[in-house]
Amino acid sequence: MNTLIKSLRRGVSTLASRRIYIFMMFVVPLGCTFFFLSLMNEGLPLKIPVAMVDTDHSSLSRKIGRSLDAGELIDITMELESYHDAVAKVRSGEIFGFFYIPDDFQEEALSGRTPTLSFYSNMTVFVPGTLSYKGFKTIAVTTSGGIVKTTLSSVGVSDAESMIMPLGFDYHPIGNPWTNYSIYLSQSFLAAVMALLVMMTTVFSVCQEIKQATSPEWLRTAGGSMAVALAGKLLPQTVIFSAVGVAIQSVMFSYLHFPLNGSTAAMVFSMVLLVLSSQAFALVVIEWLPNLRIALSVVSLVGILSFSVAGFSFPVDKMYGGVAVFSYLLPVRYYFLIYIDQALNGIPLYYSRLYFVAMLVMVLLPLAGMRRLRRHCLTPVYVP
């Protein structure tokens with residue numbers, strides 16, 4: 001116990017001695033929280049900048065343009081004269097898509113022929129591309145239905161509208177009835193940011209001892225025990241990161257009223273496990289790559305890939321096999337699944353048990369390489 005207390009004192013003094021720790025543990029996570037929640041304040045990005053290419057210049061094409069601009073998802077910021085100009089604007093990043101109306105559109109539509117409306121969305125930027133596609137498709141389908149209705153009415157069909165839409169639909173989104181993107185994206189993205197910061201801070205604090213050749217003294221303070229040394233160094237970080245993570249959860253669930261249909265304790269515990277499992281993942285990397293530069297590069301790469309590979313924006317079962325397997329090695333993946341089960345769906349805790357077990361197993365993984373890390377700490381060799 002005395003060696004643990006000494007090691008904890010050393011760990012706390014190390015955190016207080018460098019401003020980079022304060023920046024990584026407080027400023028960055030809270031700043032990212034403010035940024036994401038402010039960006040998604042409306043629930044989803046509205047008024048995506050797009051262009052209109054109207055080569056018909058008819059009353060019908062102008063009506064379609066007004067309908068497009070009146071929608072809440074897209075904003076026609078420019079009107080261009082050719083397809084090639086529009087493509088150039090998309091490639092330059094000035095717009096995220098464009099709607100193309102061909103020559104003689106009105107004439108062909110009213111004469112019963114089948115003109116083609118085209119729309120193009122830049123799907124390399126997923127959310128704006130998807131929203132522009134949704135806005136374009138809504139207007140295209142509405143225009144098509146209106147033209148069919150006009151054609152049927154002109155030939156004497158009295159109930160043209162029921163022929164176009166013979167079935168009615170009731171739409172009931174489960175878990176997120178407001179279709180609020182922030183409820184889904186902010187929680188998952190901020191969790192990935194937390195995991196990235198935890199891994200980078202863990203690697204920096206441990207590998208800095210090896211780089212500066214202070215690791216033997218660090219071990220002596222812990223009585224020669226690698227476990228006590230790691231506990232003294234990482235436990236203060238665990239407490240701070242967990243407190244910051246729970247504070248972020250409180251802002252979303254209490255202040256912004258994100259849905260929390262399950263157990264509050266389960267979400268708090270999952271945040272603590274996210275911090276612990278992220279530290280454990282970083283320790284495994286350190287045990288095999290005890291070099292500050294290389295280990296930081298590895299955990300940074302893993303943390304960045306978590307935003308796409310963990311299944312936030314693309315379903316894991318649709319990924320290539322090798323990529324899908326990698327997603328289950330990421331701690332933030334299990335936090336994301338717990339959030340879906342407990343906060344959004346509110347199902348019994350029993351059905352999320354495997355995700356908690358997986359994170360607990362990750363916490364224990366560094367025990368396998370503890371001797372290897374102790375050898376590197378006793379004889380530190382820094383390779384620049």
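Okay, a quick definition before we start: a residue can join a surface patch if it has over 30% relative accessible area and no salt bridge, and nonpolar side chains get joined within 5 Å. Keep in mind that what you're looking at is a predicted model.

So, the patch. Ile20, Ile22, Phe23, Phe26, Val27 and Leu30 make up a nonpolar patch on the surface, and together they have about 490 Å² of accessible area. Let's pick one of them, Val27, which sits in helix α2, residues 19-39.

Now, the empty space. The idea is simple: roll a probe the size of a water molecule over the atoms and you see where empty space is left.

The largest pocket has a volume of about 490 Å³. There are 21 residues lining the largest pocket, and the closest to its centre are Asn176, Thr179, Asn180, Tyr181 and Tyr184. Which helix gives the most to that lining? That's α6, with five residues. Helix α6 covers 126-154, and both α6 and α8 supply at least two residues each. By class, the lining of the largest pocket splits into 14 nonpolar, five polar and two charged residues.

On to the second largest pocket, at about 320 Å³. It's lined by 15 residues, and if you want to find its centre on screen, go to Leu230, Ala231, Leu234, Leu276 and Leu283, which are the closest. Two or more lining residues come from each of α10, α11 (264-288) and α15 (353-364), with α10 giving the most, six residues. And the classes here? 13 nonpolar, two polar and no charged residues.

How many cavities of 30 Å³ or more turn up in a search of the whole structure? One. The largest cavity holds about 40 Å³ of space. Its lining is Gln187, Leu190, Ala191, Met194, Gly245, Ile248, Gln249, Met252 and Met271. The elements giving two or more residues to that lining are α8, 181-211, and α10, 226-255. Six of the lining residues are nonpolar, three are polar and none is charged.

How values were computed. Residues numbered from 1 in each chain as written. Predicted model: local features only at pLDDT ≥ 70, side-chain atom pairs only at ≥ 80, totals over all residues. Heavy atoms only, no water. Patch = residues over 30% accessible without salt bridge, like charges linked within 9 Å, V, L, I, M, F, W, Y side chains within 5 Å. Areas by Shrake-Rupley, 256 points an atom, 1.4 Å probe, with all protein chains shown as cover. Salt bridge = Lys/Arg side-chain N within 4 Å of Asp/Glu carboxyl O. Helix = DSSP H or I, 4+ residues; strand = E, 2+ residues; numbered from the N terminus. 1 Å grid on protein atoms, 1.4 Å probe; cavity = no way out; pocket = protein on both sides within 12 Å on 5 of 7 lines; lining within 4 Å. Points joined across faces, edges and corners; volume = space filled by probe spheres on them. Nonpolar A, V, L, I, M, F, W, Y, C, P; charged D, E, K, R; others polar.
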